[in-house]
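Here is a friendly briefing to read alongside the structure.

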Amino acid sequence: MPKIHVFDHPLIQHKMTYIRDTNTGTKEFRELVDEVATLMAYEITRDLPLKEVSVETPVCTAKTNILAGKKLGIVPILRAGIGMVDGILKLIPAAKVGHVGLFRDPKTLQPVEYFVKLPSDVSERDFILVDPMLATGGTAIAAADSLKSRGAKNIKFMCLIAAPEGVKAMTEAHPDVDIYIAGLDEKLDEKGYIVPGLGDAGDRLFGTK
């Protein structure tokens, strides 16, 4: 079964308060999402493998560790996921970035894939799939399906806030995908919005309505 990680770090919780605040403007919202993504990336990369090397310090030769060279990929779900990418890249600048675009069919209400662009060596990379919100879970499930259908074997999903319904749906559809959440909220309302939530992350990131 997947692991569900809900971050309780004080800095993340502090910044999430202002991300939720309806009075936070576009510029500050964007900066806060970027900062929280960086803090979450610190935790999500905790299990990266290391290898021992020798370096010359100003005093002597020291045995120390560097990353073992595991290939990573970051895949934002368009469009709101883009707001989290730069924050992650600050810590792992060598990661390749792919994109998955989905829209909801107005008749079936099911996610429809309209764009996918991934690194050429998909099967050799560990992927971090990012989207600010996990509501019903439909989009995240479809995005993970897209990655797996193209050869991805190791995927983690990272979001700012999630509803219990979305977490349940995602874990049932993809039991091998661990989920990393800055805030686990109360529920979905009758329209499928997360409560208390943060509104529409895409609109707040890009200043649209």
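Predicted model: local features only at pLDDT ≥ 70, side-chain atom pairs only at ≥ 80, totals over all residues.

Residues are numbered from 1 along each chain as its sequence is written, and side-chain values use heavy atoms, with hydrogens and water left out.

**The largest pocket**
- The largest pocket holds about 990 Å³ of space. A pocket is an open set of points on a 1 Å grid over the protein atoms alone, where a 1.4 Å probe fits, with protein on both sides within 12 Å along at least five of seven lines. The volume is the space filled by probe spheres set on the points, which are joined across faces, edges and corners.
- Two or more lining residues come from each of β4, β6 (99-104), β7 (111-117), β9 (133-134), α4 (138-149) and α6.
- By type, the lining of the largest pocket has 19 nonpolar, nine polar and five charged residues. Here Ala, Val, Leu, Ile, Met, Phe, Trp, Tyr, Cys and Pro are nonpolar, Asp, Glu, Lys and Arg are charged, and the others, Gly among them, are polar.

**What UniProt records**
- An unreviewed UniProt entry places a "binding site" at R79, R104, D131, P132, M133, L134, A135, T136, G137, G138, T139 and D200. The lining of the largest pocket includes R79, R104 and D200 from this set, among others.
- A "binding site" annotation in the unreviewed entry also covers I194, G199, D200 and A201. These residues, I194, G199, D200 and A201, are included in the lining of the largest pocket, and I194 sits in strand β13.
- The annotation "domain: Phosphoribosyltransferase", from the unreviewed entry, covers residues 6-208. UniProt positions follow the numbering used here, feature names are shortened, and annotations may be inferred rather than shown by experiment.
- The span 6-208 is 33% helix and 32% strand, with its end C-alpha atoms 29 Å apart.

**Cis peptide bonds**
- Most peptide bonds are trans.
- L78 and R79 are joined by a cis peptide bond, with omega about 5°. R79 is found in the loop between β4 (72-78) and α3 (82-89).
- Another cis peptide bond joins V195 and P196, where omega is about 5°. P196 belongs to the loop between β13 (194-195) and α6 (201-206).

**The second largest pocket**
- The second largest pocket has a volume of about 290 Å³. It is lined by 17 residues, with D47, D126, N154, I155 and K156 closest to its centre.
- At least two lining residues of the second largest pocket come from each of β8 (126-130) and β10 (154-162).
- The lining of the second largest pocket has eight nonpolar, two polar and seven charged residues.

Note on methods. Helix = DSSP H or I, 4+ residues; strand = E, 2+ residues; numbered from the N terminus. 1 Å grid on protein atoms, 1.4 Å probe; cavity = no way out; pocket = protein on both sides within 12 Å on 5 of 7 lines; lining within 4 Å.
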